[in-house]
Structures are given as C-alpha cells and as structure tokens.
Amino acid sequence: MYHLKFLSLLIAVLFVSCCNPAFADDAAPEEVWQIFRLTGQRIGYGRTTERAIEEDGRTLLVTESVQTLSIKRFGQVLEMETEQSFVETEDGLLVRFGYVLDNPPNSHTETTGVIDGDQIRVTTTVLGKSSEVILEDMEGVRSPIALDRSLEDDPLEMGETRSELVFFPEFNQSVELTVTAEGMEQITLYDGTMVEAMRISMPNPLLPGINVDSFFVADKGLLLSRTSLLDMEVEVVPADVALAEAEGGDLDIVVQSLVHVEGLENPHAAGRIVYRITTNSGRAAEGFVPDGTQEINEIDEHTIELTVRRAALDAEGDTTNVPAEEFLAASSFLDCEDVEIRRLALEGAGELESPTEIAIAMEKFVHDRLTAKNFSTGLARASEVARTMAGDCTEHAVLLAAMLRVKQIPSRVCVGLVYADTLAAFGGHMWTEAWLNGQWIPLDATLGAGGIGAGHLKLAHSSLSEDAPSPLSLFGPVVLMTGQLEIEVIEVEQ
C-alpha cells in the first residue's frame, strides 16, 4: 500500500511497497498485507488499512500500517516493528502523521507531526521526554500514500512521468518523487502465478544511485516492488501467507555486505594506508569524505586512490576555527543534558582537565563500561544507552559523543567502513570524532584503542542535531556501497 516503505534501520533504506486499495462507498476500512524479502528470504511482513473520517466538516483519509522485521546480524537477531499513520485530505495533502519505532528490548521512539501552513511541527518522544522541531517550506507536501493512490486512480501511460512532493517521517524531510512507466514485463508472484505488469521506475532521491521498480497490474494495482540492492522485494499477499511462519534461513545482513580484502594486516596500528577503491556504479569519489585523515585521488569515474592517515592526537590545527554550536548542543539522539549521561561523563573524565586526555579517557571508559555488546539494537539514543549499557558500534558512538559534549568538547558521529581482522573484510561501522586542538580527531569506543589508525574509511558525518538530516539518512552512503565495492591495498606505512 504505499509506494515507499521503510524496511530496516540497519540498512537504512526506503523500500518500494505496493497496492493502494480503493475506498469503498461506505468508507469501510480496506486492508492489504505484504511480505518483505532480502535475497529471496522472507524477513518480515506488513499490514496496512485505510478508512475515511469526517472532521471539521471535511472528509479525511486515514492510513495506518504496521511492519514487523527480523534480521540476523552476526548471528544475533535484530527485531523491529514500525507503526505509521497518515491523515490526509481527499486530494492527498498531508494533515498530520504519527510514527512509532520499536526495537526491543532497548528502543522505543514516538514521533508526531502536524502541518500548519508551510510548516510541520514535529514532536519526538523518547523515555518520556519530548523535543520539538519546526520544519519549513512544506507547503503542498503529500503523504507517501498519495502517489500510490494517484497511480491507482489515474494509471500511467507508456513512457509517462509523474512527480509529487512527499514527506517521510523516518527521515524528517520531504523529497520530490518521480515515477516513469517503462513498459510491460512478465513477473512471477509468490504462488508461482505469472502475470503481465507495467514496470514503473523510480530513482530513490534519499539514496541516489538506487532505483526502485514497481509492477502495476490493471484492476489489481501495484503488486510487487524490488531493487537490486540485496535483491530486496515487497509483495502483496493474502493475510494467511503474510502471517505464516517464515522458513528458517541463514541470511546474515552484515556478513552479506562485507567487502573482503587481501593482504591487509593490523591496519588499526598503521600510520598511513593507500587503498585503491573501485565501484560498480556511480562516481567513486562522491562516496567518501575528504578531510584531515582522508585524501581522495580520482583515477576515473569508478576508481579512486584513498589515502588514510592516523590523526596525531597532539597535533595542533586551526584553533581560530570553532565548530558551530550544533556540535555542543543537546539533541534527540545526543541528549547530553540527561542526568545519567552527565554522571557517566563526570566519572569517565575524572580529575583530568586537558580536553585531549578527557576524550581518550572517555573512549576507553565507554569501551569498558558498555559490556553488553550485541547486534540486536538498531540505533538507540544516548540516554537509552547510558541506562542499558548495551549495543553495538552505533550505541558506543552516540554515548561517547554525548559524554564529550557534557565536558564542552564538540563532537560528531561518523559512518563508513571499518576493517575487521577476524573476517579479513571491511564492514559498516559508526564511530565518533572530537574537536581537539583545532581539528576533528577520530575516536572509536568500540575498539577503545586511544584513537584510530588507518583502518576506518569515512563515508559521512553528522552532528545529529535536530536540524541535521535524520540519523537514518546518515546510513545512506553505507547502503549504497553494499555489494558495489572492491578494495585493494596499494601501500602501508606503520
């Protein structure tokens, strides 16, 4: 039922779904069930209902959906459930929305939004505490369902293109979605039935480089959607099929996305490494961040040489250049005003006064204290981590970043690839950077080694402020690199 659906915080990718049931004359609720697959294995299911209501003398359309997902990460199961509701006018304009993300046992987030003219007032509640942000320039924004309904009510002709401005609560942003009717193709449905369907193509503006194909059948609607990334699919099925127990599979999303590298030993102790990186599609240079520790030399459109250096902790940069206030301020994910985070920060810093010494001490403190290291959490707030002391790299990163801000040390989080010696491969990762002596210094509380060497390849960074792109979109570059990279070691200096 909607054209785009958020599937997994882990891979942070928006996924095409399908089928928008028409409203019956008596406004009775309609429902659609879907199953979600990765590389042919079912990872979850969804249920969406629609109904009409009367409010303030006008008819509004209410769409509610629930998606349940279960994905393995290094053998551990990550379970997630999302609930979404959209209230819109009959012509598809968004009025208000609600979004709930559950990642048991640690994380529960509720987000609501109300449209007021050209603004959306968004309220996010975590652990009983709420924060609010006003999003500007939202006049005429529509719900994700509006585009689906448009395709149902007025199907595209061959070669025709249609666009809508659509808001996504998962990313707290609106994007222009454009779909094009490409031609007729034969598809195979869940029960083996083969049907002729119109293929509708849509570039994903939230993850440039990823294209989504949906398949429309007259009188049945959008039945199947897929993207080449990990062969992800959403398909409309009967309720009993969606609710049937999934067959056991050995798909591990992290193992599936690893980039194996030959001849690399202990890069985390290296002072400098030159990598040759080749992408299967897209411009390779656009995937990495040039900064004080990374230098990009573009060989051709699909190939770069990436030089990664260890950041010297005692080196002095441009001390006249001060980071913006957002790198010190509290936010929904880095809620550094929380009492437990403040307690941990004071304990971790001890009697130290030097910002560099405090940052290194806190990196080791988080590494040692966050003892319930697991892969069953998607992305928790720092205040949640401070209480559970559980999680993986994302939890280490946000807790350290929040603790640094308590001590007035500007911080941000980074996402990219890290080399795992035991796997002889690079995999997706998050770590922290602290502003020390006029430069951004990488720290990794997951490793707790007193800074990092040349085994981290940075793709993006963020302050995680309220005005910054959603944390989910921060993972976009990692998603785009999945299955697209080859990495070769050219030179290593210890």
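In which strand does E433 lie? E433 belongs to β24, residues 425-436. Strands (E, at least two residues) and helices (H or I, at least four) are DSSP runs, numbered from the N terminus. The model is predicted: local features need pLDDT of at least 70, side-chain atom pairs count only at pLDDT 80 or more, and totals for chains, interfaces and linings use all residues. Residues are numbered from 1 along each chain as its sequence is written, and side-chain values use heavy atoms, with hydrogens and water left out.

**View A. Polar partners of E433.** The E433 side chain has a polar contact of 2.6 Å with the side chain of R412. Its polar contact with the K458 side chain spans 3.1 Å. A polar contact is a pair of N or O atoms within 3.5 Å; within protein, one must be able to donate a hydrogen and the other to accept it, and residues adjacent in sequence count only if both atoms are side-chain atoms.

View B. E433 counts as buried because its relative accessibility is 2%. Buried means under 20% relative accessible area, exposed over 50%, partly exposed in between (1.4 Å probe, protein chains only). Beyond neighbours within four places in sequence, E433 has contacts (heavy atoms within 4.5 Å) that include D291, P410, S411, C414, W440, I441 and P442.

View C. C414 is buried, at 0% relative accessible area. C393 is buried too, at 13%. The disulfide count is zero, a disulfide being a pair of cysteine sulfur atoms within 2.5 Å.

**View D. Helix α1.** This helix covers residues 144-153, and eight of its 10 residues are buried. Among them are P144, I145, L147 and L151.
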